[in-house]
Amino acid sequence: MSSSPVPQGGGHRADPRGGPLLEVDHVVVQFGGVTAVNEACFTADPGTVTGLIGPNGAGKTTCFNVISGLQRPTRGKVRFQGKDVTSMPVHRRSKRGMGRTFQRLEAFGSLSVRDNVRVAADIHRGVLAGLLPGGGRGKDIDALLERVGIAAYANERADSIPTGTARLLELARCLAGDPKLLLLDEPSSGLDETETDAFGDLLRDLASEGRAILMVEHDMDLVMAVCDTIHVLDFGSIIASGDPAAIRRDPAVQKAYLGYSDEDGVDEGHTVTDLPAVTDDTLVIPAVREGAEA
Ligand SMILES: Nc1ncnc2c1ncn2[C@@H]1O[C@H](COP(=O)(O)OP(=O)(O)OP(=O)(O)O)[C@@H](O)[C@H]1O
């Protein structure tokens with residue numbers, strides 16, 4: 001895949017002073033009496049995949065909204081390439097190299113898959129737009145579709161493709177802007193197992209070009225397979241940060257998801273057979289907090 005002629009992010013740099021590409025610094029978001037994000041601090045670095053996980057309502061999307069500029073934090077700062085962008089509008093962050101996909105699909109339904117990417121390239125004026133007029137540019141767009149695995153759908157209307165494919169289209173539209181930071185919100189939902197494996201490979205490949213990837217994702221197998229670092233949010237606060245092995249073992253994470261941890265042993269009505277194994281090999285963190293509505 002690395003021989004693809006489409007945007008290759010090699011050379012994406014962090015803050016020239018040597019800091020991380022993205023810094024979320026003590027961010028607080030309050031909606032009336034609800035504290036959606038509570039003093040969150042984390043970073044994303046070039047060449048890495050960072051996961052932001054947590055049960056439903058933990059504050060993941062609100063964090064993404066703060067980073068991308070859709071939500072002003074009540075307190076705290078967001079820095080990108082060392083610059084304070086907390087008050088910067090969405091389009092200027094995007095121009096500086098932030099790309100985002102949404103849980104809700106954003107493509108133009110009546111346009112073909114290829115034209116959706118073409119429009120995104122024109123909007124971003126990324127490396128695709130304006131380059132090699134005519135056939136050349138079309139070829140680059142087709143190579144991008146190939147790279148994300150949706151070339152077979154190039155001529156289909158965007159509103160007629162399966163949900164998983166539409167998510168990959170979102171990613172292709174995002175990549176047309178050649179972002180330094182990719183913010184991916186539930187990117188694998190709708191993908192089957194084989195597609196998810198291929199998607200994981202693509203994420204690693206995109207990171208290897210020097211991009212920073214920050215991903216909110218409920219598929220824990222994918223998160224554990226591709227992330228270098230994982231931050232776990234619960235009720236707006238980061239309760240654990242570390243590599244996948246550390247996160248699997250973390251008692252606070254097990255409690256947040258399962259209501260109990262390995263350290264608790266068997267109590268509060270749980271029997272041995274009730275307790276799912278939480279081991280290095282078996283990840284049994286469900287997407288939904290135990291007892292919560294899905
Ligand atoms: N605009 C808003 N107004 C009021 N409360 C909000 C708003 N947006 C989010 N919230 C609340 O903030 C908290 C965090 O929500 P958020 O959507 O960020 O969680 P999440 O981790 O992304 O959840 P999910 O996994 O279900 O998408 C929730 O309690 C939610 O109800």
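**Exercises on a predicted model: ligand shell and helix packing**

Helix 1 contributes the most to the shell around the ligand, with 3 residues; helices are DSSP runs of H or I with at least four residues, and strands are runs of E with at least two, both numbered from the N terminus. The model is predicted, so local features need pLDDT of at least 70 and side-chain atom pairs count only at pLDDT 80 or more, whereas totals for chains, interfaces and linings use all residues. Residues are numbered from 1 along each chain as its sequence is written.

**Exercise 1.** Determine which residues surround the ligand and how they divide by class.

*Solution.* Step 1: a residue counts as near if its C-beta atom, placed from the backbone, lies within 6 Å of the molecule. The residues around the ligand are F31, V34, A36, G54, N56, G57, A58, G59, K60, T61 and T62.
Step 2: strand 2 (34-44) and helix 1 (60-68) each supply at least two of the shell residues.
Step 3: the shell holds 4 nonpolar, 6 polar and 1 charged residues. Ala, Val, Leu, Ile, Met, Phe, Trp, Tyr, Cys and Pro count as nonpolar, Asp, Glu, Lys and Arg as charged, and the others, Gly among them, as polar.

**Exercise 2.** Describe how helix 3 and helix 5 are arranged.

*Solution.* Step 1: the axes of helix 3 (residues 113-124) and helix 5 (residues 163-175) come within 8 Å and cross at roughly 30°. Axes are lines fitted to C-alpha atoms over the stretch in contact, with angles from 0 to 180 degrees between N-to-C directions.
Step 2: helix 3 and helix 5 are therefore roughly parallel, the term for angles under 35 degrees.
Step 3: V113, N116, V117 and A120 of helix 3 meet L169, A172 and R173 of helix 5, contact requiring C-beta atoms, placed from the backbone, within 7 Å.

Terms used. Angles under 35 degrees count as roughly parallel, over 145 as roughly antiparallel, 65 to 115 as roughly perpendicular and the rest as oblique. Two residues are in contact if their C-beta atoms, placed from the backbone, lie within 7 Å.
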